[in-house]
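Below is a walk through one protein model, from its overall build to a set of paired strands and then to the surroundings of its ligand. Please keep the structure in view while reading.

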Amino acid sequence: MTIDASAPPGYRFRQLTADDRRAVTQIDSWAFPTSVDPEEIDRGPSPLTWERTVGVVPDGAATPGSDLAAMHASYPFTRFPVPGGTLPTAGLTWVGVHPQHRRRGIASAMIDLHLARCRERGEPLSALFAAEYPIYGRFGYGKAADDVRVTLRRGARLREVPGASAHAVRIEHADRERHAALVDAVHRTAGSSPGGLGTNRPGWATRESPELQAAWWHDAPTFRSGQESRRVVVVERGGEPRGYALLRRKLDWAPTGPEGTVSVQEAVALDAAAARALWGVLVDLDLMTETKPFILAPDDPLLSLLADPRAVGQRRVDNVWVRLVDVPVALAGRQYAAAVDTTLAVRDDRVVENDGVWHLRAAPFGDATCVRSDVPPSEADLALDVRELGAAYLGGTSLTGLGAAGLVDERTSGSLAVAATAFGWPVAPVCSWVF
Ligand SMILES: CC(=O)SCCNC(=O)CCNC(=O)[C@H](O)C(C)(C)COP(=O)(O)OP(=O)(O)OC[C@H]1O[C@@H](n2cnc3c(N)ncnc32)[C@H](O)[C@@H]1OP(=O)(O)O
């Protein structure tokens, strides 16, 4: 893989390897302050895929690599779920610049290198979780999904679902050898056919690489913030796992009695009865007063099963962001929820190959094609920035909503409503874990 993008004056890029682990921990804790001892961090597995990890070194650094000014990396998602399919996607991550070197264009140069490498590797998409909301729009990433955060009181009432009580429940220490295959299988099935619908959930990335797997199951006491070690709840029917939750409890004592919190890292169920069985356990653990799921899809069954959804204080938070790195491959690589035959004038000032007019044609839930069009940009049906295309790409952000905000320009009357319907998707996009 080449590094031909240029770093800002006074800096150069450096491909990092496993030997740079210490320098990576140091620059990462400059960017993301932590009280955890670097040696403790380095004792655990790194989630990084080293050939996708690049440092920035100041000119004149004593030992190249030991004195990083910045770094970034990406996770390999070979099967990132997009509406009706999967595409190779680079999960941009660990973007960090030392505070002394910030606002000199280092992050911008790193993103340009990242996008160039995505194209070299044939990855038409990049996705990320944004540390701060305002950072990534300028680089062509659009907020493509939301998730919902709630706090459930002990005993929160849930509607009944036939068959829920037929599940057996196991509550155990979470253990990679014992539970990884089960967790991965249920997670994958839930993403490819949520609720048995047969229509996939866009954005539902799996922890594909061995490095991500190792890091996911690492459970060192230093990282627990006073909580217990990780536990798993498995609900089974007929001896088959139908759902799981990974969680930690923390018990505090108030003068009035116990005040425990259940932090649910990930809860996944394959159908409504399994979801009801799982959440029934999670909201009724002894000595616990509240249960906090981490990430819920906006259409997670829990939100419909709650007798009083208002009582759980719902908050919507940005989830996955998406950047189209190769517009025609990305647009032809997903399905559409309605027939569409339209021209899109796309503006992209970072990846010039994307800039121009594209002719998109698709049958409902079928094949799509996207080719460059001779139509001048001023005569395309719709005009938008690549950032807005990224926002709409997974089907979770309405093109009409973006149009109402003046971010999509409808030049052929009626074309926006048709495109917005086609770009939508029956299942809300979400990623169940932060990468
Ligand atoms: C996918 C992920 O990894 S998310 C993690 C992102 N990392 C962090 O939040 C860690 C702490 N922050 C940092 O390390 C750095 O401040 C970074 C990476 C956010 C930015 O790095 P820099 O090298 O300072 O960015 P750079 O100089 O290229 O700035 C480019 C532009 O983005 C803007 N920008 C940079 N950071 C921010 C921010 N946090 N909020 C708003 N605007 C920002 C700059 O003002 C600049 O704008 P301009 O072009 O109009 O002048």
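Predicted model: local features only at pLDDT ≥ 70, side-chain atom pairs only at ≥ 80, totals over all residues.

By class, the shell around the ligand holds 13 nonpolar, four polar and five charged residues.

The protein has 11 helices and 20 strands. Its radius of gyration is 23 Å, close to the 22 Å that the globule rule gives for 435 residues, so the protein is as compact as a globular protein of that length. Along the principal axes, the C-alpha atoms fill a box of roughly 65 × 60 × 40 Å. Of the 435 residues, 43% are buried. Counting contacts between residues at least 6 apart in sequence, 74% link residues at least 24 apart.

Strand 8 (residues 152-153) runs antiparallel to strand 13 and is joined to it by two bridges; here Arg153 stands opposite Glu290. With strand 12 (residues 257-269), strand 13 pairs in the parallel sense, over five bridges. Thr291 in strand 13 is the bridge partner of Val262.

Which residues come nearest to the ligand? Of the 22 residues around the ligand, they are Val95, Arg102, Ala107, Ser108 and Ala131. Two elements, strand 4 (85-97) and helix 3 (106-121), each give two or more residues to this shell. Strand 4 gives the most, with six residues.

Conventions: Residues numbered from 1 in each chain as written. Near = placed C-beta within 6 Å. Helix = DSSP H or I, 4+ residues; strand = E, 2+ residues; numbered from the N terminus. Nonpolar A, V, L, I, M, F, W, Y, C, P; charged D, E, K, R; others polar. Rg over C-alpha atoms; globule rule 2.2 N^0.38 Å. Buried ≥ 20, exposed ≤ 12 C-beta atoms within 10 Å, placed from the backbone. Contact = placed C-beta atoms within 7 Å. Pairing = 2+ DSSP bridges.
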